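Me: I would like a close look at one part of this protein, with the rest as background. Please keep it brisk.

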Amino acid sequence: MFGFTTAGNIINNQTDLAGVQTLPVNLISLAARAINNVVEVKWTTTSELNNAFFAIERSTNGVNFTTIGTTKASVAGNQFHDYVFIDRLPEYGANFYRLKQVDVDNQFKYS
């Protein structure tokens, strides 16, 4: 799991009984793969609620990340949503990717 979870009857910025902060997005997969000279970043979500957009971030060291693009969130609620972002200018060597999920109230969490 990539840090985005949702639980029944939990509102954004509340915690569940285990003390885990929950979000209105359930991220069920995140993958990146090199295709020729680009990198395809794909992810799938369910249960999106009040999700504004995703920022796609890249790092060459796994610590310092830079936003390389954004993708508007789906407006449909409790369905599977597949997203794809193409990094057309990956850095030489290792590239690490993460998502920044941003709510309509500008609160956010990272994958």
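How many helices and how many strands does the protein have? And which residues of the largest nonpolar core touch the most other members?

Reply: First, the ground rules. This is a predicted model, with residues numbered from 1 along each chain as its sequence is written. Local features need pLDDT of at least 70, side-chain atom pairs count only at pLDDT 80 or more, totals for chains, interfaces and linings use all residues, and side-chain values use heavy atoms, with hydrogens and water left out.

The protein has zero helices and seven strands. Helices (H or I, at least four residues) and strands (E, at least two) are DSSP runs, numbered from the N terminus. Along the sequence the pattern reads β-β-β-β-β-β-β. Of its 111 residues, 32% count as buried. Buried means under 20% relative accessible area, exposed over 50%, and partly exposed in between (1.4 Å probe, protein chains only).

Now the core. A nonpolar core is a set of buried Ala, Val, Leu, Ile, Met, Phe, Trp, Tyr and Cys residues joined through side-chain atoms within 4.5 Å. The largest one has 13 residues. Leu30, Val41, Trp43, Phe54, Ile56 and Leu99 touch the most other members. Two or more residues come from each of β1 (26-35), β2 (38-46), β3 (51-59), β5 (81-87) and β6 (96-103). β2 gives the largest share, three residues. As background, nonpolar side chains tend to be buried together in soluble globular proteins.

Take Trp43. Contact means heavy atoms within 4.5 Å. Beyond its neighbours within four places in sequence, Trp43 is in contact with Leu27, Ser29, Leu30, Phe54, Ile56, Thr71, His81, Asp82, Tyr83, Phe85 and Leu99. That list includes Leu30, Phe54, Ile56 and Leu99, which are also among the core residues touching the most other members.

Strand β2 also holds Thr46. Thr46 is buried, at 11% relative accessible area. Not counting residues up to four places away in sequence, Thr46 touches Val25, Asn26, Ile28, Gln79 and Phe80.

Two of the core's strands, β3 and β6, also belong to an open antiparallel sheet of four strands, ordered β4-β3-β6-β7. Two strands pair if DSSP finds at least two bridges between them. β4 (66-72) and β7 (108-110) each have a single partner strand, so one side of each is left without a neighbour in the sheet. Neighbouring strands here are turned by 25° against each other on average, direction ignored. Three bridges join β6 to antiparallel β7. Val102 stands opposite Phe108 in β7.

Technical notes
Axes fitted to C-alpha atoms, helices over the stretch in contact; angles between N-to-C directions.
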